[in-house]
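Below is a briefing on a multi-chain model.

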Amino acid sequence: MTINLSTTTLIDKIAQDLGFTEISNLTDSILIKNKELISIATFLKNTPKFDFQMLVSITAVDYIEYFEIVYHLLSIQHNQRAILKLRCYDRESPSVPSVVTIWPGAELQEREIWDLMGIQFTQHPNMKRILLWEDFKGHPLRKDYLR
Amino acid sequence: MPIKTEPTIINLGPQHPSTHGVFRLRVSFDGEKVINVEPVFGYLHRGTEKLAEERTFTQIVTLTDRLDYESSMTNNLAYVEAVELLANVSVPERAQYLRVLVSELQRIASHLIFTGFFLQELGVFGTLLMYCFRERENVLDLFEMLCGARITVSYMRPGGVTQDAPPEFWKNLDDLLNKLPQLLDDLENLITDNEIVLARTKNIGILSPQKAIDSSVTGPILRASGIEWDIRKANPYEAYDKMDFNIPTGSNGDCFDRYLVRIKEIRESINIIKQCIKSIPKKGPIKNSEVPFFLRPESGEVYSSIESPRGELGFYLVSDGGIAPYRCKIRSPSFINLTVLKPLLIGWKMSDLVVIFGSLAVNMGEVDR
Amino acid sequence: MTQDYIFGFNTLYNFFFEIITNTINSTIVSWILPNFSFNPGWIAYILSALTISFLIFNAALMGAAVYTWFERRIMAKFQGRYGPNRWGPFGLLQPIADGIKSITKEDIIPTGADRVVFTIAPIVMMIPGLLVFAFIPGHINSMLGKINVGIAFVFGVTGMNTIAVIMAGWASRNKYAMFGAMRSAAMLITYEVPMALAIAGVILLSGSMSFNGIIEAQKIPFIVTQPIAFLVYMICATAEMSRAPFDMIEAESELGGGYHTEYSGMKFAILQISEFMAPIVQSALCVVLFLGGFNGPDFIPGILWISLKIVLVLFILLWTRSTWPRLRVDQIMELAWKYLLPLALLNILLIATEMTIFDITQSTSLWIMGIINWATILFILAFLSLFKNFNKKTVQQKY
């Protein structure tokens, strides 16, 4: 069975090796700071104990107060999964760092999030709309209508 | 002095015989050689994720049929799996076996389509396509007996399946299972040792295992690159933990391996279906009767994935306690497998472009959602 | 040229040709001549020529029409379908329905296309196929055009095909069409070379360049004495008519039709007809060159023999077409230059050597020649099959 890596192990290990201490535990996922994303992602990918080689999916959820970006990670070798989360409180021009350099599989998915949710990924090689056309106004998956 | 040539830009698609629907590739050619590719898609974007936010949990099943229209059963399964995990719904055992059975039938149908179109793209004038479609018809007939629909089946519900199989279903299923190995042998006789097929597919479009994992490629393409990863084995859902089957893998990661892995998977699927028929409970409920019509899962989120014919099909559902999901993200394998398209294509000839793209077996309904 | 004129179909067939070449020549002209005060010898010539052209044209169109029906039915059988079976007995009137449809469709010339060349191209495409029909003998001396260098002429004429394809592709102002045209320029010209060399062996052995002479010389069909040439010729002929596995000019799945992407209506129909005439022409040539033409046991007439043989060759072509995939551009070129050309040269060498050693008027020595050549080709094929997957070096890069 695929196990979900316990979040306490993750938080402890990250705090121990990288020294990032402000990581919240959300029972089945961990919430990290935007600026720490790249180093944590590199760490999770390259540490043999975790070996999260594959970024299964990235998605974003609009919780009105903030955007949550969810990274589903998978280690084929250890058959384990983990979930990273970022929060983005800026509604006008939200932006988070891109992980394309670490997981190339993020390329199309990040473009999709920009297209549908309107979150910019900095340092993405080709940050263009993907499903909708370039002139489209707005980002359809946002919950602006609830505000 | 070397001859300098101007690159030609060709729009392959959106209307093109071998783009599997409405897909567009802006390709720069240097003579016959591909020097740059820019995939353009979204022509079939129907906003499924947005629509799902306005539908009840049961209604979304019909939306999932339209994602990958070549394998709606597995789409249904992936979705109801996620809902059951979110709402903590148990599934009767007979329904579990029926789900495994139909999703393996669907895998056979989907892989047969792949084989037919793959050979069509190699240039066989329709012959193998007709053979494959003939057998697929039998699978669709079985689906028709089950639920009255052939393509957009909407067969599964949170907590079970809609209808039990009629008696003639089992008889026809037996007939099909007896016939299929012979067809596969015929297909392999025509294809696998064919010198021209080998010349066109072997060592073409090689995807190394490391790149495949990095690019989040899943499904037969990942297995063709030599990585033994199958969610049916790694995280057995439904009744898969009681099934005994192998995971076929390729050695080289080229187009030929991608074809061969799929053919072998059809054989494994036949194997699984036979085991299903043997061990399915003869009687019993097919639907959890405690599931209310308007499902109201507690607020929370869940990610659940299954092995669809094209790879890992996952649903990420966020509930706020209402009758509709707050967010429904579909992790579609075709879409993410397209990540490798550009680096795979560059440097090959135009004829190879068609073959490599065909070997990825993307489905535009799923890519554009 | 001794021929027993027993009463039967052969005689009728010859009689029919006499009507065309002589009777029409004299009767129509003698009817016309008194009505003119001057002596228009050239009118007689032109009139008979026109009549003959009319006959050829209709025969060729009929042939192409029947062939479309034949191809669709046979392909359908290969694919487990029915094929056209609605219109007329066994769907035999289907070509007529297709023709009516083509004529009534709108004739589109794309914006920016070269209108003149675009219009001329189908005509240029059609003429070579029609011309060749004039030289295929149904019986001894029973062809419409009698020249003593028939084979050279036919090859000169069929080479025109390339020009037509390039004209059509270039004038369409479509990149797919241009791709198809460029591919055809490369492929058709390449395959002319081994094809001509394969035929050189036939000319060498028969000592004649006229079709009559070649058929006369085949006491034993040349497929027995020259299997290498037959093999090379058949492969090249398939390439020349751009049929699978060499159909990269049209390449349905890649170019979506190639040079005729932009054609519609009657122009498209003409292109299609000439495309469907090509297999008939090529298999007729193959029958004449290698399978003994109209020769055969006397119980059925020669015209039926040649037709039967043509149908047999067409069937084999359809068989390969419906089961084999297409080769890539560079692989097709490789096949021509690295395999077919040396084979054709080897054939010439073998035939020439054997002709100096054996007395080719004796049929026993012809049989010995055949055995030697068959042994050679089987040995070569066995040797080549040791190197399966000859594309090993095509690994360009790995991602």
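The sulfur of B:Cys147 lies 17 Å from the closest cysteine sulfur, that of B:Cys276, which is too far for a bond. A disulfide is taken as a pair of cysteine sulfur atoms within 2.5 Å, and the structure holds zero of them over all chains.

This is a predicted model, in which local features need pLDDT of at least 70 and side-chain atom pairs count only at pLDDT 80 or more, while totals for chains, interfaces and linings use all residues. Residues are numbered from 1 along each chain as its sequence is written, chains are lettered from A and ligands numbered from 1 in the order in which they are written, and side-chain values use heavy atoms, with hydrogens and water left out.

**Cysteine burial**

- B:Cys147 counts as buried, because its relative accessibility is 18% (buried means under 20% relative accessible area, exposed over 50%, partly exposed in between, with a 1.4 Å probe and protein chains only).
- A:Cys88 also counts as buried, at 4% relative accessibility.

**Chain contacts**

- Two pairs of chains are in contact, and chains B and C share the most contacts (contact means heavy atoms within 4.5 Å).
- Chains A and C do not touch, and their nearest C-alpha atoms are 13 Å apart.

**Interface of chains B and C**

- Chain B contributes 51 residues to the contact and chain C contributes 36 residues.
- About 3,900 Å² is buried between the two chains, with carbon and sulfur atoms giving 57% (buried area is the accessible area, for a 1.4 Å probe, that two parts lose on being put together, summed over both).
- There are two salt bridges between chain C and chain B (a side-chain nitrogen of Lys or Arg within 4 Å of a carboxyl oxygen of Asp or Glu).
- C:Arg183 and B:Glu32 form a salt bridge through their side chains, at 2.7 Å from N to O.
- By class, the side of chain C that touches chain B has twelve nonpolar, twelve polar and twelve charged residues (Ala, Val, Leu, Ile, Met, Phe, Trp, Tyr, Cys and Pro are nonpolar, Asp, Glu, Lys and Arg charged, and the others, Gly among them, polar).

**Surroundings of B:Tyr240**

- B:Tyr240 is buried, with a relative accessible area of 2%.
- Leaving out residues up to four places away in sequence, B:Tyr240 touches B:Val100, B:Ser103, B:Glu104, B:Arg107, B:Arg232, B:Phe245 and B:Ile272.
- The C-alpha atoms of B:Tyr240 and B:Leu190 are separated by 32 Å, and the two residues are 50 residues apart along the chain.
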